[in-house]
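Please read the numbered points with the model in view.

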Amino acid sequence: MGDNVTHEKSKGAFKNVAKTALKIVFAVGLIVWMVKQGALNFGAFAKLSSPALIAFCALSTFAQIFINNYRWLLLLRGQGFKTSVGSTLPLSLIGLFFNFAMPGGVGGDVVKGYYIVQDHPEKKLAAAMSIFMDRLTGFFVMVAMAFLAVFTNFSDVSHSKQLTSIAIGVSILFVCFVTFYGLSLSRVLQAPWAQKVFTKIPAGAKFRRIYDILHSYRQAPRELALAMFLSFASQAMVIAVVAVIGHALGESIPISVYCFLVPLGLVVQALPISPAGIGVGQAAFYFLFNSYLHRASDLGPTAMTVMQLLNFGLGIIGAYFYLHRSRPRPLAVES
């Protein structure tokens, strides 16, 4: 019996390693293909050698990480956790480090979620849902910015079939997000008919618990509103980095276009296809900016690579915190 269990565990571990290896190979293959196609021109980095530009990009990237961490801290406080930047920032940096070891730009959230649950086991679901809400808020703002930017770039978008299709998809996503938030924060699902539905569907009790946690943010409007605002600020930082790199590469693109294309590229990068979205992010940015410019450009892949390198540098700091994390450090929770 014990041998069978050990064999199954070994088999499962091998499958996980094989999947990760395949995704890494896929990411490397994408990068190699883009280099051969001239889509990712490392010679373009010579134009980004200005110390002032490098400092701006580095500081903006750190500011974005700090803002995202504070957004998560606010959502934790909305669940009754009494915590501080000193407790959450190391976890955010650890998550950033593991983004480069797990598929997608959200792989590190799994590790971050593991540690926050480990730190406070008596409130596991609320801790985990704070991370879900944090990521959801970030995605919502990405989609909302792209949705709003469609109207300021309608003529450019309508002249491209690809961008028109993307704009329609963004509009549908925006409506879905608004509907989700509306249902989660309203009292509609507290009606008797909704309670009956929860009792009849599979895992209804779990869904009801999740709804209750999401609905509890109705009692923390200040934290939720500020989290939304910080998401816009975070996106503005990323857009500013890409716009400055575009200017350095000689591209003349309105800032409103960056507000449309950059959030879309980040959403694609976050898909669980390759570690930290390497290769996938470059391909997405390459397609989006080329669709707008109607020609090949180094801007998209170069900007994505710069951001990934800067994030990797900050992830190394996360590796330090990970290696020095010996045991759970409980977070205080309001009674």
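Which are the buried residues of helix 11?

1. The buried residues of helix 11 are Val-257, Tyr-258, Cys-259, Phe-260, Leu-261, Val-262, Pro-263, Leu-264, Gly-265, Leu-266 and Gln-269. Buried means under 20% relative accessible area, exposed over 50%, and partly exposed in between, with a 1.4 Å probe and protein chains only. Helix 11 is thus mostly covered, with 11 of its 15 residues buried.

2. On the basis of the model: it is predicted, local features need pLDDT of at least 70, side-chain atom pairs count only at pLDDT 80 or more, and totals for chains, interfaces and linings use all residues. Residues are numbered from 1 along each chain as its sequence is written, and side-chain values use heavy atoms, with hydrogens and water left out.

3. Helices (H or I, at least four residues) are DSSP runs numbered from the N terminus. Helix 11 covers residues 255-269, and its end C-alpha atoms are 21 Å apart, in agreement with the 21 Å that its 15 residues should span at 1.5 Å a residue. The expected span is 1.5 Å times one less than the number of residues.

4. The buried residues of helix 11 pack against helix 5, helix 6 (154-158), helix 7, helix 10 (221-248), helix 12 (280-293) and helix 13 (299-323). Contact here means heavy atoms within 4.5 Å.

5. Helix 9 (residues 204-215) has 12 residues and reaches 16 Å between its first and last C-alpha, close to the expected 16 Å. Its buried residues are Gly-204, Tyr-211, Ile-213, Leu-214 and His-215. They pack against helix 5 (124-152), helix 7 (161-185) and helix 8 (192-200).

6. The axes of helix 5 and helix 9 come within 10 Å and cross at roughly 65°; axes are lines fitted to C-alpha atoms, for helices over the stretch in contact, with angles from 0 to 180 degrees between N-to-C directions. Helix 5 contributes Leu-125, Ala-126, Met-129, Phe-132 and Met-133 to the contact, and helix 9 contributes Arg-209, Ile-210, Ile-213 and Leu-214.

7. Ser-186 lies in the loop between helix 7 and helix 8. Ser-186 counts as buried because its relative accessibility is 18%. A polar atom of its side chain lies 3.0 Å from the backbone oxygen of Gly-182, and the side chain of Ser-186 also reaches the backbone nitrogen of Val-188 at 3.3 Å. Not counting residues up to four places away in sequence, Ser-186 touches Tyr-211, His-215 and Arg-218.

Conventions: Helix = DSSP H or I, 4+ residues; strand = E, 2+ residues; numbered from the N terminus. Polar contact = N/O pair within 3.5 Å; in protein donor to acceptor, adjacent residues only side chain to side chain.
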